[in-house]
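Subject: Structure for you to look at

Hello,

Here is the structure I promised. Please open it first, then read my notes below.

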Amino acid sequence: MAEQNDWKHDFDHAWANSAEHKEPSARARMLAARWRENPPDPAPFRADPGPATPRRSPWASTAVVIGCVAAVMILIGCLQMRSA
């Protein structure tokens, strides 16, 4: 019976969360050490995104694809005429 109480005490999250001192994670300790030596530059909470590159028109993409298909068809037709 005593073992059951020990097991419940070991895995009681409320008891663990109520601890006065909580050790930071390894990543938090690593970043704290890095920032002590070289602090990061201040950045706004929500920085404006950089300038957006203008998007290409969907018609331009369609024209390029159709042009490539037409060029391949013409090339195949020319090669067939030469071999005949």
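Is Arg-29 buried, partly exposed or exposed? Arg-29 is partly exposed, at 40% relative accessible area. Buried means under 20%, exposed over 50%, and partly exposed in between (1.4 Å probe, protein chains only).

Some ground rules. This is a predicted model, where local features need pLDDT of at least 70, side-chain atom pairs count only at pLDDT 80 or more, and totals for chains, interfaces and linings use all residues. Residues are numbered from 1 along each chain as its sequence is written, and side-chain values use heavy atoms, leaving out hydrogens and water.

Confidence comes next. pLDDT is the predictor's confidence in each residue, from 0 to 100. Its mean for the protein is 82, and 87% of residues reach 70 or more. Helix H1 (residues 2-10) has the lowest confidence, with a mean of 57. Helix H4 (residues 58-83) has the highest, at 93. Helices are DSSP runs (H or I, at least four residues), numbered from the N terminus.

Now the contacts. The whole structure has 1 salt bridge, meaning a side-chain nitrogen of Lys or Arg within 4 Å of a carboxyl oxygen of Asp or Glu. Glu-23 and Arg-29 form a salt bridge, with their closest N and O atoms 3.0 Å apart. Glu-23 is exposed, at 63% relative accessibility.

Finally, the cysteines. There are 0 disulfides (a pair of cysteine sulfur atoms within 2.5 Å). Cys-68 is partly exposed at 46%, and Cys-78 is partly exposed at 42%.

Best wishes

How values were computed. Helix = DSSP H or I, 4+ residues; strand = E, 2+ residues; numbered from the N terminus.
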